[in-house]
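Let's take a friendly first look at this protein. Have the sequence and the 3D view ready, and we'll go through a couple of its features together.

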Amino acid sequence: MDGWMDGWMDGWMDGWMDGWMDGWMDGWMDGWMDGWVGGWVGGWVGGWVGGWVGGWVGGWVGGWVGGWVMWVGGWKVRIYKTVILPVVLYGCETWTLTLREEQRLRVFENKVLRKIFGAKRVEVTEEWRKLHNARLHALYSSPDIIRNIKSRRLRWAGHVARMGESKNAYRVLVGRPEGKRPLGRPRRRWEDNIKMDLREVEYNDREWINLAQDRDRWRAYVRAAMNLRVP
């Protein structure tokens, strides 16, 4: 009996303990290692690598695309300045413009710039809308078409004022036609535009022809008309 009991107890205990320990420990350790370690490592590595790679790739691609769009827009601006604008402003030194005509020229330039820079997407409403004029001029970062006209007109006026009486252009500038003026409001003259342009740069003297004889001072007013800065 003693030998039988000892053998049975030893065999049962050893088998049960070995099987239970092996099965429980193996199953628990395998499940814990596979679940916790796999999930933690997978989540950390996947999240970190995915976020870093996604952010880096998205930022790089977005920046590259945005830079490409700005590069294309820069070329369009160059084409506008070198091809379209010289054609539009051909002979503008001799133009006599009213305020209405200046406004029409500004509208034309704004339409061209909106074609170049496109629309803007509103993040909140996710809608596209036209760029405001102030935003267009900030992107263009150059004097507008009216500034160009005024500057060129003042530059040409200085040349004519220094030509002397032997030149026909000077005689037309200072000459006075004979005869009676027709009834009604007189039409705006080219010289009226010159005086208005000079008033914008804070020169109120009527004898602008004498001022034009000084090339340096006159050049300063021409640059002020282009850049909206008072010399």
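What follows covers a pocket and a pair of packed helices.

## The largest pocket

Keep in mind that this is a predicted model. Rolling a probe the size of a water molecule over the atoms shows where empty space is left. Here, the largest pocket holds about 600 Å³ of space. It's lined by 20 residues, and the ones closest to its centre are Val-172, Gly-175, Arg-176, Pro-177 and Arg-189.

## What lines it

Three helices each supply at least two residues of the pocket's lining: H4 (145-161), H5 (168-174) and H6 (190-200). H5 gives the most, with 3 residues.

Two packed helices are described by the angle between their axes and the distance between the axes.

## Who meets whom

On the H4 side, the contact is made by Arg-147, Asn-148, Ser-151, Leu-154, Arg-155, Ala-157 and Gly-158. Facing them from H8 are Trp-218, Tyr-221, Val-222, Ala-225 and Met-226. Taken together, the residues of this contact come out as 7 nonpolar, 3 polar and 2 charged.

Definitions and conventions
Residues are numbered from 1 along each chain as its sequence is written. This is a predicted model: local features need pLDDT of at least 70, side-chain atom pairs count only at pLDDT 80 or more; totals for chains, interfaces and linings use all residues. Side-chain values use heavy atoms; hydrogens and water are left out. On a 1 Å grid over the protein atoms alone, a cavity is a set of points where a 1.4 Å probe fits but cannot get out, and a pocket is an open set with protein on both sides within 12 Å along at least five of seven lines; lining residues have an atom within 4 Å of a point. Grid points are joined across faces, edges and corners, and a volume is the space filled by probe spheres set on the points. Helices (H or I, at least four residues) and strands (E, at least two) are DSSP runs, numbered from the N terminus. Contact means heavy atoms within 4.5 Å. Ala, Val, Leu, Ile, Met, Phe, Trp, Tyr, Cys and Pro count as nonpolar, Asp, Glu, Lys and Arg as charged, and the others, Gly among them, as polar.
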